[in-house]
Amino acid sequence: MKKKLVCFLTAALALLMSFSMFAGCGKKKGDAISIFVYGQSHELTIYKALINKFTEETGIKVEANLVPSDNYAEKLTAAIGTKNCPDVFYADPGAIAGYVNNDLILPLDELLEEEKNSGGFDYNDYIDGVLDYYKYDAETHTRGGDGNIYAVPKDVSAYPMCYNRVVVQKAIDAGRWPADLPKPWEMVDDEGNAIAYTWEQFEKACAACYFTDGGKKYFGTGLIDTYAMHSWIWTAGGDYLSADKKNVTVNETKFITGLQRFIDLMDKKGVSPNRLEMSDNSYYNRWLAGEIAFFNCGVWDVGAFEGVAKTTLDYSLMPAPRKDENSEWYSYVGTLGYAVSSRSKKPDAALKLAMYMGLSDESYERMSKRQVIQLPNSKKKVAEFLSDTTVKAPANRKLFYDVIESHGKTYPTAFTYDATWYNKFIDGLSDCWKADDNSSAKKTVSDYCASIQSAMQDELNNGINNELQGL
């Protein structure tokens with residue numbers, strides 16, 4: 001789930017794309033079913049082993065096309081409306097409505113019941129609430145609720161903050177840490193639940209960890225903007241859209257307050273790498289090199305983080321900061337699913353494969369226990385995952401579930417028909433984002449949000465109209 005897929009790729013575009021781009025992707029040999037998914041090299045190795053085990057256990061042959069994420073969406077588009085469409089492929093929540101309106105994927109409710117009643121996988125074992133992301137009512141154009149299920153979860157992931165104890169301890173040893181500020185590992189209540197720093201506390205912590213030691217420069221933070229900034233907006237009480245997803249709300253005071261505070265932290269507080277330093281080395285690489293105190297950690301990052309020596313990166317999870325002591329904290333939560341093509345000749349076998357990839361004991365063993373690529377999807381496995389000391393993951397990994405259950409909000413485009421309205425906002429953000437002292441920003445945050453809202457609303461309205469028309 002490293003890169004978001006485009007929210008919807010229309011069937012019309014599929015017919016215009018060159019089918020050669022998808023060579024071998026959907027062509028099945030004999031009675032095999034096909035699956036087309038992407039991942040990093042280590043993930044693809046695990047997927048291949050899982051698929052081989054599935055065939056060994058079920059006798060169902062699988063034609064697997066496992067590719068890097070680059071060009072995945074384009075290749076899928078080239079075949080999704082044709083006879084070459086794979087039986088199983090990725091679909092995120094934002095893609096479901098478009099796929100349904102163009103009759104590209106199957107409703108899975110009856111197949112899920114049949115699979116359960118035949119003694120196979122029980123869809124009730126998925127973590128509570130995750131299937132709701134993949135429900136859609138084609139008549140009322142509503143998501144969740146009583147809609148049909150159109151995909152089963154590959155995974156559900158969370159994106160809390162984390163800290164590097166090595167850098168924080170250096171700041172403490174140098175006498176830089178404020179006496180009245182708890183250390184990040186002390187931010188727990190009597191029951192062991194994590195307590196979030198307030199904005200003010202977090203800024204003090206970042207400032208304390210911005211220093212040079214032994215000729216090496218350390219930074220308080222360096223956050224990936226288009227994921228991390230949402231936490232600041234949400235804790236301030238703002239959001240991009242109204243609750244019914246029909247109105248853009250970026251021009252509201254709470255939204256502006258959160259975005260402004262995040263921009264100030266990143267570009268005015270002197271705690272993060274400046275633009276020149278970032279061009280020399282990314283935030284992510286600096287974090288892995290032990291140069292940054294506070295960063296974000298997605299579930300998908302655990303494998304990479306665990307691969308760094310503890311003397312360089314001794315990390316633990318923590319909540320994103322909250323506006324003040326009366327505010328909630330929030331982090332991004334995301335999910336990716338497996339859909340079954342409406343052209344599949346063996347939808348029951350295709351669904352069994354999709355569920356095996358995300359719900360089987362073998363899946364848990366390979367993707368959650370031996371190497372943490374994703375959290376276990378099965379409710380039955382959560383307690384084991386949290387208590388198993390052999391799992392290479394942060395000891396306080398329960399925080400991932402805290403985000404999913406209580407402190408998570410989906411990506412802004414997860415439940416809209418397309419992402420053009422949101423892209424309009426991101427594409428113009430440099431108009432108000434001051435790049436350190438050399439600013440070419442033309443507008444204040446308030447002015448930018450006021451000026452962009454109408455254009456965003458027009459794009460959102462277009463998407464709503466397209467959904468109603470089934471385009």
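Buried here means under 20% relative accessible area, with exposed over 50% and partly exposed in between (1.4 Å probe, protein chains only). Helices (H or I, at least four residues) and strands (E, at least two) are DSSP runs, numbered from the N terminus.

A quick word on the model: it is predicted, so local features need pLDDT of at least 70 and side-chain atom pairs count only at pLDDT 80 or more, while totals for chains, interfaces and linings use all residues. Residues are numbered from 1 along each chain as its sequence is written, and side-chain values use heavy atoms, leaving out hydrogens and water.

Now for the strand pairs; two strands pair if DSSP finds at least two bridges between them.

| Strands | Direction | Bridges |
|---|---|---|
| strand 8 (residues 161-164) and strand 11 | antiparallel | 3 bridges |
| strand 10 (residues 216-221) and strand 11 | parallel | 2 bridges |
| strand 4 (residues 135-137) and strand 5 | antiparallel | 2 bridges |

Within strand 11, F295 is the bridge partner of C162, and I292 stands opposite F219.

Over in helix 9 (residues 253-267) you'll find M266. M266 is buried, at 3% relative accessible area. Beyond its neighbours within four places in sequence, M266 is in contact (heavy atoms within 4.5 Å) with residues including T221, Y283 and W433. M266 and W433 are 167 residues apart along the chain, yet 9.8 Å separates their C-alpha atoms.
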